[in-house]
Amino acid sequence: MHEMTPPREAGLLHGPLFRSAPKPLVRGYKENIRIHRDYPDKVMRYDPHPLSAWEIGLQTCDLLREEYGFAIPQTQISCAIDFRTDNPYIEHASVVAITDRVRGQRLLNVLESETVHDPAFISAFTTLSIGAAHYLTDIYEYGGVYLPDTMYHGQFTYGNTAEDPQKKLYLVDIEPIVAVFEKTTENTHNIRRLLTYIALQKSFLRLYFTYRNEDITEARSLLVDLSYKLNNCLIKNST
């Protein structure tokens, strides 16, 4: 279970970050994301989604770490304090999420640099590729809740946190937005959505890597097989 603190009214809100108003936050990536000047190794997100949505999203992150080898920074969540600010993204937030900050390069930038030849990076990319392929396969086989953010390579940063100096391909900028694949329902929209994600993964592998790496070949084979199954579902639904 993820650490979650109740609202200020309960008198249990704890920790300097959760007590801090937006005023001391000195810079941000987006309107609702800030870095506290006194805690540069943490990222604060003011989010309008309810606590229940965050709980589901973070439980899904646990599954991704444990079963598929994804690197995802740890996050704590709390009910948002009733801030008064000119920033509507912060004033209307229902949750404050505090995440370990990942320092490094966005994946797409790494692939245009010399780092792409680093054995450590290739190993991390291989782990991510095969994990994503297995994740997509299990979404199709078993259905249920899944996290679409895992399919977009713009969501990944190659770097490290203050807690873990080892460089990894981290899934960052997570929002608690999950999708549901109904295995037992003939849902053409869901099938096409999975096919889109598969196409993204396949094109990414084809663009930047050869298939001489056995693990990359395995990931590609899984994606090709899954594409075949999903396209057969679409054909069956159209008849």
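Q: What makes β9 (residues 156–160) and β10 paired strands, and in which sense do they pair?
A: Strand β9 and β10 pair in the antiparallel sense over 4 bridges, and they count as a pair because DSSP must find at least two bridges between two strands. Within this pairing, Tyr158 has Leu169 of β10 as its bridge partner. The names follow DSSP runs (helices are H or I with at least four residues, strands are E with at least two), numbered from the N terminus. The model is predicted, so local features need pLDDT of at least 70 and side-chain atom pairs count only at pLDDT 80 or more, while totals for chains, interfaces and linings use all residues. Residues are numbered from 1 along each chain as its sequence is written, and side-chain values use heavy atoms, with hydrogens and water left out.

Q: Why are β7 (103–106) and β10 (168–171) said to stand at the edges?
A: The open sheet has 3 strands in the order β7-β9-β10, paired in the antiparallel sense. Both β7 and β10 have a single partner strand, so one side of each is left without a neighbour in the sheet. Neighbouring strands here are turned by 40° against each other on average, direction ignored, where the axes are lines fitted to C-alpha atoms (for helices over the stretch in contact) and angles run from 0 to 180 degrees between N-to-C directions.

Q: What makes a space a cavity, and how many of 30 Å³ or more does the structure hold?
A: On a 1 Å grid over the protein atoms alone, a cavity is a set of points where a 1.4 Å probe fits but cannot get out, whereas a pocket is an open set with protein on both sides within 12 Å along at least five of seven lines; lining residues have an atom within 4 Å of a point. The structure holds 1 cavity of 30 Å³ or more, and the largest cavity has a volume of about 50 Å³, a volume being the space filled by probe spheres set on points joined across faces, edges and corners.

Q: Which elements line the largest cavity, with at least two residues each?
A: They are α5 (119–142) and α6 (188–208), and α5 gives the largest share, 4 residues. Among the lining residues are Phe125, His153 and Phe204.

Q: How do the residues of the lining of the second largest pocket divide?
A: This pocket holds about 230 Å³ of space, and of its 15 lining residues the closest to its centre are Gly69, Ala71, Ala124, Lys168 and Leu169. Two or more residues come from each of α5 and β10. The lining divides into 8 nonpolar, 3 polar and 4 charged residues (Ala, Val, Leu, Ile, Met, Phe, Trp, Tyr, Cys and Pro count as nonpolar, Asp, Glu, Lys and Arg as charged, and the others, Gly among them, as polar).
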